[in-house]
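Trainee: Please take a close look at the aromatic pairs for me, and then at whatever else can be described alongside them.

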Amino acid sequence: MKRIEYRGRYLRASRTGGAALRAQIRAGKVNVTANSTHGVRVSRRLFKGTQIALQNGRPVLRGRYQAGPLNINLSRSGLSASSKVGPGTVNWTRPLRSSATVAGINVRGRNALAVHAIYALISLLVLLVTATISLLTVLGIGLYRFALWTGSGLYGFSQWLVERYMYFRGSQARQKAVEYFAEQGISELLPPTGLAPALQQDLLQQILTNLAAGVYLESPTDSQQARVVERINAGVEAAGEEHFPGVVIGLYEALLDEYLASADDSERSQAFTDALQAVPVPNRLQEQLLMRFAKQGNIRLVPVAVE
């Protein structure tokens, strides 16, 4: 029902209780209230939340306490516990004393319990929907991250397998070239030792950029480099097309062993960077040489996504 009332200092009026005059005075710790409808009430506070009174000579004991969300009421009939929930108040010990307000209309008793039941059902449905959405979101993010982790792991593993396969094929080609030269009684596969580091690095770069691309090496005449280049070209020519990759790999590895033995970490990194920049789009044989440079120089290769 709709509550219609007026509360003033000396007048109170409501739709159900009618109009009543009231006055209140305080004498020390005692309150005296006179009401034209309910008579005279004398009351005094015992301690916080507890009051005793005489209402027209009848003793009254009242208490109002709070424990978290629970409101506890004390009266002559005993204790009752209630809570403010959604549309009103639910009395847990005396459910028929519950109340609710819907669109400004106050209802009590069973009607209030029905309103609270509908409110609880709607709240439960909202909670279930929210929890489901949150759970699906967490599962989706988890599955997405798991898929990324799994994909990254599989990609890295496949790259490792490809690298190992290419390295194995290159080693096979080099071994066949060595055996071929041994059968032919030729020793041109290995370059002379004791070359200067600058000459070693220059030969490594030429083998990577020129020889691995099918172009013979060139150098100034009448120099130490010219004699080394002639020996390398002669070995490549003697090997023929069948053993060409193995000869190139064998020459590159031999020069790398001697160069890396005398180079520090910074020099190795710089030389490898220069090699990468010299062949921005390497062929398969050049990839083999770069892979051997990284392996023998203890340089870690990290795949980078191409946008």
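Mentor: Rings of Phe, Tyr and Trp (its six-membered ring) pair if their centres lie within 6.5 Å; planes under 30 degrees apart count as stacked, over 60 as edge-to-face and the rest as tilted. This is a predicted model, in which local features need pLDDT of at least 70 and side-chain atom pairs count only at pLDDT 80 or more, while totals for chains, interfaces and linings use all residues. Residues are numbered from 1 along each chain as its sequence is written, and side-chain values use heavy atoms, with hydrogens and water left out.

Searching the whole structure gives 2 aromatic pairs. In one of them, F272 and F293, the ring centres are 5.4 Å apart and the planes meet at 70°, so the pair is edge-to-face. F272 belongs to helix 5 (residues 265–278) and F293 to helix 6 (residues 284–296), so the pair ties together parts that are 21 residues apart in sequence. Helices (H or I, at least four residues) and strands (E, at least two) are DSSP runs, numbered from the N terminus. Both F272 and F293 are buried, meaning under 20% relative accessible area, where exposed is over 50% and partly exposed lies in between (1.4 Å probe, protein chains only).

Another helix can be described by burial too. In helix 3 (residues 224–239), the buried residues include V228, V229, I232 and V236. Just after helix 3, G240 has a positive phi of about 75°.

Burial also occurs in a loop. S98 sits between strand 10 (88–91) and strand 11 (99–102), and S98 is buried, with a relative accessible area of 0%.

Key: Expected span 1.5 Å × (residues − 1).
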